[in-house]
Amino acid sequence: MSNILVVDDDVMLCELLTEVLSEEGYDVHYIHDGESALTYMQAHSVDLVLLDVMLPNIDGLQVARRICQRFATPILMLTALGDEASMLDGLQAGADQYVAKPFRVPELLARITSILRRVGLERQRQGLNNCTADLSIQFSRLPLTGTESELLEYLIKHDGIVVSKAELQKEVLKKDLCPFDRNLDMHISNIRRKMLQSGLSKQHIKTVRGKGYSFYESVNTA
């Protein structure tokens, strides 16, 4: 459930938005001034701010700038000023999107869905990048020999691609593949064993029968 903060001094509009968004499955909280909104965000997780431009004390543009300075929370600006200059002011202040009042509820919901979907994808990509970085660190700590390190690095560079034994022999071991030479298989077996001993899955390196080996970053634990 996404948490949405509505910042608008129009009490009736806040109540209407709370009702509409709650029916859509969002957790909604509303506040009528910018300072209180910033204080609220310091203590609560917020996934999206619906921010009015015309607010008491400090206006919505100032609030948007402060939100961008302190948080990574997306902002959907709401305003009665629908001209292009006002829209550009809002976007330059840090708003992700801009909706002029009076707005149609379906359009507002579509914009909210779009922003939250984008944010979700960005977080997912960031999580994958973090996992990749963590995996690289774990691999770097494996007690591999020089040849084993070169083999693993070569396979990682070809993530998801089947690399033939002949190619590994030639590119890494620097010799042609012989039918009875088990040297390459022994190196791969040693890498897998060291992975297991370090708490990693041996399934990162898979044997493709009759073809060679393939490295996979994402695997089921084994």
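Trainee: Which residues does Leu135 touch, not counting residues up to four places away in sequence?

Mentor: Please keep in mind that this is a predicted model. A contact here requires heavy atoms within 4.5 Å. On that basis Leu135 touches Leu200, His204 and Glu217.

Trainee: How many residues lie between Leu135 and Leu200 in sequence terms, and how far apart are they in space?

Mentor: The two are 65 residues apart in sequence, while their C-alpha atoms are 9.0 Å apart in space.

Trainee: Where is Leu135 placed, and is Leu135 buried or exposed?

Mentor: Leu135 belongs to helix H5. Burial is judged by relative accessible area, with under 20% as the cut-off. The value for Leu135 is 11%, so this residue is buried.

Trainee: How is a pair of aromatic rings described?

Mentor: Two quantities are used, namely the distance of the centres and the angle of the planes. This structure holds one aromatic pair. The ring centres of Phe139 and Phe215 are 5.8 Å apart and the planes stand at 65°, so the pair is edge-to-face; the cut-off for that class is over 60 degrees.

Trainee: Which parts of the chain does the pair tie together?

Mentor: Phe139 is in helix H5, which covers residues 105–140, and Phe215 is in strand E8, residues 212–215. The pair therefore ties together parts that are 76 residues apart in sequence.

Trainee: Are the two partners buried or exposed?

Mentor: Phe139 counts as buried because its relative accessibility is 9%. Phe215, with a relative accessible area of 2%, is buried as well.

Trainee: What does the chain as a whole contain by way of secondary structure?

Mentor: The chain has eight helices and eight strands. Its radius of gyration is 27 Å, well over the 17 Å that the globule rule gives for 222 residues, so the chain is more spread out than a compact globule. Along the principal axes, the C-alpha trace spans about 80 × 30 × 30 Å.

Trainee: What share of the residues counts as buried, and what share of the contacts joins residues 24 or more positions apart?

Mentor: Of the 222 residues, 40% count as buried. Among contacts with a separation of 6 or more, 57% come from residues 24 or more positions apart.

Trainee: How many positive and negative side chains are there?

Mentor: There are 24 positive and 30 negative side chains, and the centres of the two sets lie 16 Å apart. As for the accessible surface, the chain has about 12700 Å², of which 50% belongs to carbon and sulfur atoms.

Notes. Residues are numbered from 1 along each chain as its sequence is written. This is a predicted model: local features need pLDDT of at least 70, side-chain atom pairs count only at pLDDT 80 or more; totals for chains, interfaces and linings use all residues. Side-chain values use heavy atoms; hydrogens and water are left out. Helices (H or I, at least four residues) and strands (E, at least two) are DSSP runs, numbered from the N terminus. The radius of gyration is taken over C-alpha atoms; the globule rule is 2.2 Å times the number of residues to the power 0.38. Buried means under 20% relative accessible area, exposed over 50%, partly exposed in between (1.4 Å probe, protein chains only). Accessible areas come from the Shrake-Rupley method with a 1.4 Å probe; for residues, only the protein chains shown count as cover. Lys and Arg count as positive and Asp and Glu as negative; His and the chain ends are not counted. The place of a charge is taken as NZ of Lys, CZ of Arg, CG of Asp or CD of Glu. Rings of Phe, Tyr and Trp (its six-membered ring) pair if their centres lie within 6.5 Å; planes under 30 degrees apart count as stacked, over 60 as edge-to-face and the rest as tilted.
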